[in-house]
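This briefing goes through one protein model, topic by topic. Please look at the sequence and the structure below before reading on.

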Amino acid sequence: MKIGILGAGSMGSEHFDCYKGIPNIEVSAIYTRSSEKAKNLTKKLGVKVVTDFNEIINNNAIDAVDICLPTYLHKKHVIAALQADKHVFCETPIALDLDEAIEMREIAKKKKKIFMIALLMRNVAEYRTVKKIIDSNELGKPLTFRAYRFSKPYPIEHYPGPVIELLNFDFDFINWTFGLPNSILSSRIVKEERHEHATIILKYNNGLLGLAETSNIMPESFPFSAGIRIICENGAIETFFTIGKNGYPDFKTIKYPSQGNPEELDIENINPYEEECKLFVESVNKGQENDLLSAQAAIDAITICLKA
């Protein structure tokens, strides 16, 4: 299978490295909007780098396109790739607008092409472990949870506010674990355009109560941090991390039984980006989408973001 990657930033580079480790996959070309970056990447990666995405879209030898561009560019490039009969793997958030997300999904259905979204937390080992424990009923019925994702200020030229840019990841995990809420209540402290702290309360028909927090107004000295704690009838479970100076998350996952001592879980490290790229490749090879990374799940996540 031959793949073209649209986007040569950190995520495009990450996906390029992931595909190199998958048998029978060739990254035929990478698109970047920067001619300077194109020259440097051609030498560094040893792969064709182009500054016109149509060179990838219109290349009949390319079977699939991996889109790692800023969210506001997703619709244009996803639809162009689908219309050119390419399968598409797209970074999350799927879109900034619900109608755009639905339009992309519907075109993929009409063209009968694989269209999957990189719902990262579903392939993070620590979060998968939390979901497995909740699903097993080991700790009993979930009563309440708190999820958070905090960042220092980031450039807003290409990125939305923190509810979509950051908390979208957590809403997807929450939906995957608990289903959709029936009530959403939110409050914000807005420092300046697209720089804010948001607190969101989620209520469910079964009585579950959730709190989700996000911020991109943390001090410059504050490390990127995220986590979730779930309190159940017979104990609690939490996983959380900060991004260290090496650029990698430092995780802790702790189970709190109703009796006895807390247990810090030893979880085998996996590369979630590699896992999601493998799922996309397998889906294309089988001709059937893996529901774990479905466009509908991505739509559900941004639906809550937009309501919050």
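Gly-4 has Ala-29, a residue of strand S2, standing opposite. This pair is a starting point for a predicted model.

- Strand S1, residues 2-6, and strand S2, residues 26-31, run parallel and are joined by five bridges.
- Both strands belong to an open sheet of six strands, in which the order is S3-S2-S1-S4-S5-S6 and the pairing is parallel.
- Strand S3 (48-50) and strand S6 (115-117) are at the edges of this sheet; each has a single partner strand, so one side of each is left without a neighbour in the sheet.
- From one strand to the next, the twist averages 20°.
- Helix H1 lies across S1, S2, strand S4 (64-67) and strand S5 (87-90). The direction in which H1 runs is at about 165° to S1.

**The cavity**

- How many cavities of 30 Å³ or more does a search of the whole structure find? The search finds one.
- The largest cavity has a volume of about 30 Å³.
- Its lining is made up of Ala-8, Gly-12, Ser-13, Ile-30, Leu-41 and Leu-45.
- Helix H1 (10-20) and helix H2 (35-45) each supply at least two residues of this lining.
- Sorted by class, the lining has four nonpolar residues, two polar residues and no charged residues.

**The eight-stranded sheet**

- Another open sheet has eight strands in the order S8-S9-S10-S7-S11-S12-S13-S14, and its pairing is mixed.
- Its edge strands are strand S8 (183-192) and strand S14 (263-264), each of which pairs on one side only.
- Strand S13, residues 249-257, pairs with S14 in the antiparallel sense over two bridges.
- Lys-255 has Glu-263 in S14 as its bridge partner.
- Helix H6, residues 125-136, packs on the sheet and touches strand S7 (142-150), strand S11 (225-232), strand S12 (235-243) and S13. The direction of H6 makes about 170° with that of S12.
- Helix H8 also packs on the sheet, where it touches S7, strand S9 (195-203), strand S10 (209-215) and S11. The direction of H8 makes about 160° with that of S7.

**Helix H8 against helix H10**

- The axes of helix H8 (residues 167-178) and helix H10 (residues 295-307) come within 9 Å, and they cross at roughly 115°.
- The crossing of H8 and H10 is right-handed.
- On the H8 side, the residues in contact are Asn-168, Phe-171, Asp-172 and Asn-175. On the H10 side, they are Ala-297, Asp-300, Ala-301, Ile-302, Ile-304 and Cys-305.
- Sorted by class, this contact has six nonpolar, two polar and two charged residues.

**Backbone details in the loops**

- Most residues other than glycine have a negative phi, and most peptide bonds are trans.
- Is the peptide bond from Thr-92 to Pro-93 cis or trans? The bond is cis, and its omega is near 0°.
- Pro-93 sits in the loop that runs between S5 and helix H5 (98-111).
- Asn-137, a residue other than glycine, has a positive phi near 65°. Asn-137 is found in the loop between H6 and S7.
- Arg-194 is not a glycine either, yet its phi is positive, at about 60°. The loop between S8 and S9 holds Arg-194.

Note on methods: Residues are numbered from 1 along each chain as its sequence is written. This is a predicted model: local features need pLDDT of at least 70, side-chain atom pairs count only at pLDDT 80 or more; totals for chains, interfaces and linings use all residues. Side-chain values use heavy atoms; hydrogens and water are left out. On a 1 Å grid over the protein atoms alone, a cavity is a set of points where a 1.4 Å probe fits but cannot get out, and a pocket is an open set with protein on both sides within 12 Å along at least five of seven lines; lining residues have an atom within 4 Å of a point. Grid points are joined across faces, edges and corners, and a volume is the space filled by probe spheres set on the points. Helices (H or I, at least four residues) and strands (E, at least two) are DSSP runs, numbered from the N terminus. Ala, Val, Leu, Ile, Met, Phe, Trp, Tyr, Cys and Pro count as nonpolar, Asp, Glu, Lys and Arg as charged, and the others, Gly among them, as polar. Two strands pair if DSSP finds at least two bridges between them. Axes are lines fitted to C-alpha atoms, for helices over the stretch in contact, and angles run from 0 to 180 degrees between N-to-C directions. Contact means heavy atoms within 4.5 Å. A crossing is left-handed if the near helix is turned anticlockwise from the far one by less than a right angle, and right-handed if clockwise.
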